[in-house]
Amino acid sequence: MENLPLLERYGLFDAKVPRYTSYPPANHFQNGVGLQSQKQWLSAVPDASDISVYIHIPFCKRLCWFCACRTQGTKTLDPVVGYVATLTKEILAVKASLPASIRMARLHLGGGTPTILSPALMERLLTVVFEAFVPSDEFEFSVEIDPTDVGADLLQTLSDFGLNRASIGVQDFDPEVQNAIGRQQSIAQTNWVVDWLNNAGIQSLNFDLLYGLPHQTEDTFAKTIENVLKMRPDRLAIYGYAHVPWMSKRQVMIKDDDLPDPLTRLQLSEQAKNAFINAGYKPVGIDHFALPSDSLAIADATGKLRRNFQGYTDDTSPTLIGFGASAISRFAQGYAQNAVATSAYQGRIAEGGFAGNKGFALSSQDHLIASMIEDLMCRFQIDLPLLFKTYPDKWSQIETYIAGLLSRFPDVLVRRDDVVTLRREARMLIRIIAHDIDGFRANLEAHSMAV
């Protein structure tokens, strides 16, 4: 790998930095920004605007050891039934705080395992959602689907409510890797779901894979990639496994000695990238790939790509409202996160219908930094004329930022025609550069490896 010395020099294999799906990262949210801010920002959502809706289902029948998401195990549906009742109260309270003219451009159910809901329970939840929010003309409804825990009756319920994009976590199909991460998912199970969705006319499919998992090798990963490409999803995302057992206790089940070293992680990432491109997928950002006809590839080609808590997106809605425990809402004024623990979330909703617990109010300086980071993460550049136009009173600050960046990354960044561009061979350093722009200096142990 010709660019290896460059990547090593800038600390790619040692750096632990945020993924920058938001700015600031969620670990900088503050307790002083919570319920009151949430209520104020909801009431300030503009009339007739589009919103995106995210609903978090934090339950799983099994807890995969690799996962660091906010989830909890359950053997029965009893706690899920109570949770859906709480979601209903929250949805109705939020709806009452919004202008009647808003429209829902996106609906995404994530988790956890949204498909843990029974068909009747899913119907109950979605009926409330669609009665509260009228879909826009360009409405997209997506759900994270676990192929090991979903039946045709639930898929039919989702289809009846307009499901038009499905997200399937694959991670890796190799049996030894699956045993090491506590997630057994066969190719046959995954194929069955893909075939059902295709036959139902739901052909917009997303697959997620992980590199850097225990016992993962180039040979075994090649087989996983081959089987994934046979299913021909519209989008693919390849993420580096973040081993943070001090934050996610279940990860203690994964032995450090079984993990590939940083150089192998990089090789696995490049292996997947090359295979996807050779199969006709367009690279989008740092870790997504899409067929040329997919809306994400089109957004990338037209300069409309954005980044949010699900990664790269073509969603242009200025407001994202999150429902459920730990869910994060994004407003023009900042971020509001619900209480993280399910019991605390349900208690807050029972008290007053809202669960805002902490968040972050964005200053003009924060908006500037966020714009620079999103431009870099989505387009590998910083468009200075656009920044000057958007923040005319911060021209000198912008120039100071840029001068500092160019001096610290002289063989990584280049400035031409007032556009600062990240060299192609150095794109793996993008999160390190974003962290340099970042005005915060977080505890490095709270973040994942840069590669």
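Mentor: The discussion below goes from the overall fold to one helix and then to individual residues.

Trainee: What kind of model is this, and which conventions apply?

Mentor: This is a predicted model, in which local features need pLDDT of at least 70 and side-chain atom pairs count only at pLDDT 80 or more, while totals for chains, interfaces and linings use all residues. Residues are numbered from 1 along each chain as its sequence is written, and side-chain values use heavy atoms, with hydrogens and water left out.

Trainee: How many helices and strands are there in the protein?

Mentor: Helices (H or I, at least four residues) and strands (E, at least two) are DSSP runs, numbered from the N terminus. The protein contains 15 helices and 21 strands.

Trainee: What radius of gyration does the protein have, and what would a compact globule have?

Mentor: The radius of gyration is taken over C-alpha atoms, and the globule rule is 2.2 Å times the number of residues to the power 0.38. For 451 residues a compact globule would have a value near 22 Å, and the protein agrees, with 22 Å. The C-alpha trace spans about 60 × 55 × 40 Å along its principal axes.

Trainee: How are burial and surface to be read?

Mentor: A residue is buried under 20% relative accessible area, exposed over 50%, and partly exposed in between (1.4 Å probe, protein chains only). Of the 451 residues in the protein, 55% are buried. Accessible areas come from the Shrake-Rupley method with a 1.4 Å probe, and for residues only the protein chains shown count as cover. The accessible surface of the protein is about 18,700 Å², and carbon and sulfur atoms hold 50% of this area.

Trainee: What share of the contacts in the protein with a separation of 6 or more joins residues 24 or more positions apart?

Mentor: Contact means heavy atoms within 4.5 Å. Of the contacts with a separation of 6 or more, 73% are between residues 24 or more positions apart.

Trainee: How many positive and negative side chains does the protein have?

Mentor: Lys and Arg count as positive and Asp and Glu as negative, whereas His and the chain ends are not counted. The place of a charge is taken as NZ of Lys, CZ of Arg, CG of Asp or CD of Glu. There are 42 positive and 50 negative side chains, and the centres of the two sets lie 3 Å apart.

Trainee: Let us turn to one helix. What span does helix H8 reach, and what is expected?

Mentor: The expected span of a helix is 1.5 Å times one less than its number of residues. Helix H8 (residues 218-231) has 14 residues and reaches 20 Å from its first C-alpha to its last, close to the expected 20 Å.

Trainee: Which residues of H8 are buried, and what covers them?

Mentor: The buried residues of H8 are Thr220, Phe221, Thr224, Ile225, Asn227, Val228, Leu229 and Met231. Their cover includes helix H7 (187-199) and helix H9 (262-278), together with strands E7 (165-171), E8 (205-211) and E9 (235-240). Just after H8, Arg232 has a positive phi of about 50°.

Trainee: Which other backbone features deserve a look?

Mentor: Consider phi again. Gln171, in strand E7, has a positive phi near 65° although this residue is not glycine. Gln171 is buried, because its relative accessible area is 9%. Asp418, in the loop between strand E19 (413-416) and strand E20 (419-422), likewise has a positive phi, near 60°. At 33% relative accessibility, Asp418 is partly exposed.

Trainee: Where are the cis peptide bonds between Tyr23 and Pro24 and between Gly111 and Gly112 placed?

Mentor: The bond joining Tyr23 and Pro24 has omega of about -5°, and Pro24 belongs to the loop between strand E1 (16-17) and helix H2 (35-43). For the bond from Gly111 to Gly112, omega is near 15°; Gly112 lies in the loop between strand E5 (103-111) and helix H4 (119-132).

Trainee: Is Ser317 buried or exposed, and which residues does Ser317 contact?

Mentor: Ser317 counts as buried, because its relative accessibility is 2%. Leaving aside neighbours within four places in sequence, Ser317 is in contact with Asp50, Ile51, Ser52, Ala105, Arg306 and Arg330.
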